[in-house]
Amino acid sequence: MQLFDVYPINNITIVKGDGSYIWDDAGNKYLDFYGGHAVISIGHTNPYYVKRLTSQLNKIGFYSNSIKIPLQQELAEKLGKVSGKDDYQLFLCNSGAEANENAMKLASFHTGRKKIVAFSKAFHGRTSLAVAATDTPSIVAPVNQTDNVVFLPFNDVAALHAYFSEHGSEVAAVIVEGIQGVGGINVASEDFLKAIRSLCDKHGSVYIADSVQCGYGRTGKFFSHDYAGVNADIYTMAKGMGNGFPVGGIIIAPALHAKHGMLGTTFGGNHLACAAALAVLEVIEGDNLLENAENVGNYIINELKQISELQNVRGRGLMIGFDVPEQHKELKKNLLSKHRIFTGEAKPNVIRLLPALNIQKQDVDVLLNAIRAELTSNN
Ligand SMILES: Cc1ncc(COP(=O)(O)O)c(C=O)c1O
């Protein structure tokens, strides 16, 4: 049997990881500024994480949501403490798309409405409503096309007011990334997020903060939306939540009420997934990783801004992007092939940095020196 060929891949086989480094099957060592797409939050094979998962697996790995799973309550309490949202409610699932799908569904149940407001360049996942709210027509199948989703320009407060003044009573939810990831590292302005909050309050709509990529400590605050100083009604999470173990979830404000059967999943919240999510939070808390993400992130951003060839350096904490001019368009490829450094990208010419939250300055210097060397050799 062949694999269904949907991914353009690098011809590299990774067999081992340790912290921010990974090795291929020929023994070559790589520095990881990509984290498998923002997933590796506390470092590859983090020893505490490996121990907690192994120990849980030796007891029990899975049972469904038909029995009590005290690890879920333990996770809810820890998440409430670390995120500062202790009065929220936790629903666990398995991926980012599923988290967003459940968040929008819940908003629709809660309001009895159908309209979802999403934004230009948004990416919310590939399940039916999540992909319909994603601004990439080529990945939306005909069956997923719907008039229930409306796209407005990102960071445009006036357009938001104009839409709500005419259609506010139809809007179930506004879904927005605190920093757009796939869209190219576009930071939502504080005014924009505050306007979403106040319009949702005024019209009885639900503010969904897609924190799948920008959340879980990546930006130096637990949720990047927190920079705006207002709370969302639902935060969606995945990626860094399990440091590679597939786990996602949504946290839900107290005003939204649960009813038996309204949401559900077979795998979500299983023992092993909870152990993974707990291990990540314990390391984030114990090793002060929010602080590290902010400090090292500021260092990277400041240093990148000194490199005159790079344009529009932007981001927060360890979610950073910059534009690469046309004459240096091979930069990402060369960082990998010549310097063995993984980075992320966004079309057409953005390099995205999404390292583990415990990345150190000396690792950053390796990247910066490689970028400088490439830009010089290509002048
Ligand atoms: C902001 C955002 N939301 C949702 C998703 C979908 O997550 P998953 O691939 O886990 O379904 C992604 C994935 O890149 C994302 O970046």
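This is a predicted model: local features need pLDDT of at least 70, side-chain atom pairs count only at pLDDT 80 or more; totals for chains, interfaces and linings use all residues.

Tutor: Start with H3: the face turned away from its buried side carries the exposed residues Pro 70, Gln 73 and Lys 81.

Student: Which residues of H3 are buried, and where do they lie around the axis?

Tutor: A residue counts as buried with 20 or more other C-beta atoms within 10 Å of its own. In H3, that picks out Gln 72, Leu 75, Ala 76, Leu 79 and Ser 83. Seen down the axis, they fall within an arc of 105°, so they line one face of the helix.

Student: What span should H7 have, and how far apart are its end C-alpha atoms?

Tutor: H7 covers residues 190–203, which is 14 residues. At 1.5 Å a residue, the helix should span 20 Å. The model agrees, because the end C-alpha atoms are 20 Å apart.

Student: Which residues of H7 are buried, and what arc do they cover?

Tutor: The buried ones are Leu 193, Ala 195, Ile 196, Leu 199 and Cys 200. They sit on the same side of H7, because they cover an arc of only 155°.

Student: Which residues of H7 are exposed on the other side?

Tutor: First, the covered side: what lies over the buried residues includes H6 (157–167), E7 (171–177) and E10 (206–210). The other side of H7 carries the exposed Asp 191, Asp 201 and Lys 202.

Student: Which residue just after H7 takes a positive phi?

Tutor: Look just past the end of the helix. The phi there is about 70°. The residue is Gly 204.

Student: Is Ser 211 buried or exposed?

Tutor: Ser 211 is in the loop between E10 and E11 (234–237). Its contacts beyond four places in sequence include Gly 178, Phe 223 and Tyr 235. Count other C-beta atoms within 10 Å and there are 32, so Ser 211 is buried.

Student: How far apart are the C-alpha atoms of Ser 211 and His 225?

Tutor: Along the chain, the two are 14 residues apart. His 225 is also among the contacts of Ser 211. Their C-alpha atoms are separated by 8.0 Å.

Student: Which helix gives the most to the shell around the ligand?

Tutor: The shell has 5 nonpolar, 7 polar and 2 charged residues. Of the 14 residues around the ligand, those that come nearest include Ser 95, Gly 96 and Val 212. With 3 residues, the helix that gives the most is H4.

Definitions and conventions
Residues are numbered from 1 along each chain as its sequence is written. A residue is near a molecule or strand if its C-beta atom, placed from the backbone, lies within 6 Å of it. Helices (H or I, at least four residues) and strands (E, at least two) are DSSP runs, numbered from the N terminus. Ala, Val, Leu, Ile, Met, Phe, Trp, Tyr, Cys and Pro count as nonpolar, Asp, Glu, Lys and Arg as charged, and the others, Gly among them, as polar. The expected span of a helix is 1.5 Å times one less than its number of residues. A residue is buried if 20 or more other C-beta atoms lie within 10 Å of its own, exposed if 12 or fewer, and partly exposed in between; C-beta atoms are placed from the backbone. The arc is that of the directions from the helix axis to the C-beta atoms. Two residues are in contact if their C-beta atoms, placed from the backbone, lie within 7 Å.
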